[in-house]
Amino acid sequence: MRVWNFSAGPSMLPLEVLEQAAAEMTDWHGTGMSIMEMSHRSKDYMGVRDEAEADLRALLSVPDDFAVLFVQGGAQGQNGLLPLNLIQRNGSGKADYVLSGSWSVKSCEEAQRYGDIRVAGTSGQSWQDQGKEWAPWTWFPEPSQWDVRPDAAYLHVCTNETIGGVEFNDIPKLDVPVVADVSSNILSCPIDFSRVSVAYAGAQKNAGMSGIALMMIRRDLLGHAMDLCPSAFNYANIEKQQSMFNTPPTYSIYMAGLMFKWLERQGGVAAMQARNAAKSEALYGFLDASEFYTNTVHPAYRSRMNVPFLLRDQSLDALFLEQATAAGLTSLKGHKSVGGMRASIYNAMPLEGVQALIDFMTDFERRNG
Ligand code: PLP
């Protein structure tokens, strides 16, 4: 039996994608072998890779002056690789970071090993707004408040904080190139590449399985890596070799390709954006109307992908999780740093799954409220 899987990542995949992978597992397109067994230099596999890139470009309308890379090391690997590749772009050795939660803080801390890093804006303190006090990391620092050094090689932001459930996509046009960690909201809404110069994402949430980071990078930012940068992680080398400088995680790229085809069949990113709005509005609407559950994120910055919520009576947490699992709703435990629950509702989660969660929560409240 399939469950409704609310895991933050790796996360639920559409059944039809898994079934296609299963059907092709031992004999891919009449070759008599699995994708896993195929040389990454073979014509067949190069075709799989090329098609994945072309589909990703089409889905996100990636401009021609951007390279699309499949990079190893996941998203956190890029926390070190980005400064190694970019921070000497203009010889300054400087980069600025906007802090909006756990993932951007991690990115910033790692970058400090490679250059002169400064915080351009942070939500790490409480904020008075709309007559209320919002706790640290429950809101997003507004761009008008960012203090970006003009000679910074780049400015880093995270557009969706997977743990805190804070999302912000309205990146302004800046002179300094913006690097965006879009790990947990890639392909859920458009990316404006006139404002974002580098977008990167671990694939394991909205683009298949772990093993690769998808990266869209403006080509003029390539070729400035520090000497220290490992050759296999120099983005210019990766681009020159079409993401095959060394053997890539071939199956991860194949699975991302199947996800891209599935997304096309759903109507692309615009259709996903509408579906994600409907799903998240249903869940937040339910939470806001409830006295039993609560979400503490500022309404202007609530994530459409990761919905953290608390039971007002936290002594019921364990019972909630146990009964949710028994009802086929899994992986709802919140991250240990925020506690409570978290429902991750990425592209592959249909409205039906969100409705099943709301129905369970309504029933749980009726029995325990
Ligand atoms: N950035 C964000 C926003 C994430 O949600 C995650 C993982 O959950 C990461 C980075 C780290 O990804 P990885 O495990 O691929 O290094």
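Is S331 buried, exposed or partly exposed? The points below take up this residue together with the rest of the structure.

1. Basis of the model. This is a predicted model, in which local features need pLDDT of at least 70, side-chain atom pairs count only at pLDDT 80 or more, and totals for chains, interfaces and linings use all residues. Residues are numbered from 1 along each chain as its sequence is written. The mean pLDDT (the predictor's confidence in each residue, from 0 to 100) is 97 for the chain, and 100% of its residues reach 70 or more. For the complex, the predictor gives an ipTM of 0.99 and a pTM of 0.98.

2. S331. This residue is partly exposed, because 19 other C-beta atoms lie within 10 Å; buried requires 20 or more other C-beta atoms within 10 Å and exposed 12 or fewer, with C-beta atoms placed from the backbone. S331 is found in the loop between β15 and β16, and its phi is near 60°, a positive value in a residue other than glycine. Helices (H or I, at least four residues) and strands (E, at least two) are DSSP runs, numbered from the N terminus.

3. Other backbone points to check. Q130, in the loop between β5 (127–129) and β6 (132–134), also has a positive phi, near 55°. Q130 counts as exposed because it has 10 C-beta neighbours inside 10 Å. The peptide bond from G9 to P10 is cis, with omega near -5°, and P10 is found in the loop between β1 and α1 (15–23). Most residues other than glycine have a negative phi, and most peptide bonds are trans.

4. The sheet. Seven strands form an open sheet of mixed pairing, in the order β2-β12-β11-β10-β7-β3-β4; two strands pair if DSSP finds at least two bridges between them. β2 (66–71) and β4 (116–122) stand at the edges with a single partner strand each, so one side of each is left without a neighbour in the sheet. Within the sheet, β7 (residues 155–158) and β10 (residues 178–181) pair in the parallel sense over four bridges, and V157 has A180 as its bridge partner in β10.

5. Helix α9. The buried residues of this helix are G353, V354, L357 and M361. They lie on the same side of α9, because they cover an arc of only 100° around the axis, the arc being that of the directions from the helix axis to the C-beta atoms. On the other side of α9, E352, D363, R366 and R367 are exposed.
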